[in-house]
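Hello,

Here is the structure I promised to pass on to you.

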Amino acid sequence: MMASDDSLDLIARRIRHRLVQMSHEAQSAHLGGALSCVDLLVALYWEVLSIDPSHPDDPSRDRLIFSKGHAVSALYTALAFRGFFDPEKLNQYNRTGSGLPEQPSPGCAPGVEWATGSLGHGLGVGLGMALASAINKIPYSTYVLLSDGECQEGSVWEAAMLAPRLNLGQLTVMVDFNGWQATGRSREIMQMEPLVEKWKAFGWDAAEVDGHDISSLLEELKRPSNGSPKAIIARTTKGKGISFIEDDNNWHYRSPSQEEVQRAADELGTSEIV
Amino acid sequence: MRNAFAEEILKLALEDPRVVVLSGDIGNRLFDKFKSAMPGRFYNCGIAEANMVSMAAGLSSCGLRPVCYTITPFVTTRCLEQIKLDVCYHRMPVTIVGTGSGISYASLGATHHSFEDIAALRVLPGINVVAPADAPELRAALRWVFTQTEPAYLRIGKKGEPICTDPVLPFAPAKWHCLRSGSDASFLSCGTILQEVLAAAELLAVDGVSVGVWNCACVKPLDNAALESLPCVPVFTVEEHSILGGFGSSVAEYFSARSSSPRLIRCGIPDRFLHDCGEQKEARIHCELDAQGLASRVMNTINRPNSPPDFLSFP
């Protein structure tokens, strides 16, 4: 699906607008972390993943495991806009029985590959899916989207240490490195840096990229690996796209007022089209 | 039993191309034949058991039937959250096989003991928990696992377990086997401790005490029909597991809902860590899980029916 940079940018802005709306309507948390990964999702779902929204369970589909499950509102919105389900369903986000719970449950909605929310599980599961591709001889790519805080979980590094030994060249990790976690900056809580070097040291084909420059993301995503699994450390801004949300960790938990939703829409230039 | 597991999983894998064995860097030479026959379906996942279980879940989501194998504490309590979320929450057909269960590795101390695995895993929705008594029962249970698609935990011994089960009796979930009838008391035996239980029943018979023996390989689900059929005489559950939360506790939960139930005495590992207790044989004696110890527990209970449970007075 080849879309122009302008249209990808518009898709990203529309997703961001919808996320702010959803956070207000559902009074739900984690808006900052949802906004930071929007461009990663746009790059993946509109330009990279080999998927068919009308066949979400196709065994030969590319898989994306959205391991930072607390920000799943971003995944839901991307899936809806990409055609996996009716965007009207997003109005039911975080309502009981909606199929779009605040943290995903198994098979809750088409396109949701795994019920994440406890950080650190996605990469191991993705490793299994990537290995299955080789065993079953069904070629597809597997992507796992982690948060930087999530890279503090030991289970991530168990998987990271094994993957290069399994020759899983079709496995790609994307780290949404927005620099924050629930209670502070990630670099002040744990020794995060140098994160790219850590992945390289574990044997991954690792690179750093501006996580809001879709062109750069696509260039890195489409670059063939050197044979090792790839790790893309995407430098992002928590709350990206709305000036009064950016890099303010209060937005890890708080939801916007109706007035703030309108301000966000004005900044994004999407008031008329969402 | 570990040799029986390796042999049987090889046979199963030759029959079923979905079978994949994941090992936590364990089993020196044990899987040589498997690796030689099917190199693309055996993976040493290293000393990283949590990842091994997550990987298994990912593999099974793509139609494969992975088996995770290592020493029991490392593949159960060590990676409990992965079993809970990636396997059970997603209802993935992953088989967890814990070898050297209970006090099979008695002399190695608490790091290699598993007294809490049944407690920790049976509480997870949807998982089958099976503790085969010997190699033939393990083979049958393993075959059964691949006829169904739910998560399964097989708790097995290490080596040298005598054959105690009747090979004619098939394995089925929630189906216990009465190996011996008895009118004075009933043993409900779970796992490889069966050999001691059968021997205890013999000792008691010599003293004129008639004790029934049931082999209860399936811990979850329980065999409710068997429990209902028990005579109203003292019931002794026996397991190489803590007396807290394991098989015996599961039976106690069942009985507690009834308006009247037999008196239940849980025989197992007392509520403390064990170390410096020798090999498995000595450790069983220490915990009164050997034939003589079990027979004494039954005699004491029958002779002093109004005394408090003696397991509370363990040093």
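Below is what was found, starting with how to read it.

This is a predicted model, so please note that local features need pLDDT of at least 70 and side-chain atom pairs count only at pLDDT 80 or more, while totals for chains, interfaces and linings use all residues. Residues are numbered from 1 along each chain as its sequence is written, and chains are lettered from A and ligands numbered from 1 in the order in which they are written.

Let's begin with strand 2 of chain A, residues 142–147 (strands are DSSP E runs of at least two residues and helices H or I runs of at least four, numbered from the N terminus). Six of its six residues are buried, so the strand is largely enclosed by the rest of the structure; buried means that 20 or more other C-beta atoms, placed from the backbone, lie within 10 Å of the residue's own. T142(A), V144(A) and L146(A) point one way, and Y143(A), L145(A) and S147(A) the other. In a regular strand the side chains alternate between the two faces of the sheet.

Next, its neighbours. Strand 2 of chain A runs parallel to strand 1 (residues 63–66) of chain A, joined by four bridges, and R63(A) stands opposite T142(A). Six bridges join strand 2 of chain A to strand 3 (residues 171–177) of chain A, also parallel, where T142(A) faces L171(A) as its opposite residue. Two strands pair if DSSP finds at least two bridges between them.

Happy exploring!

Conventions: A residue is buried if 20 or more other C-beta atoms lie within 10 Å of its own, exposed if 12 or fewer, and partly exposed in between; C-beta atoms are placed from the backbone.
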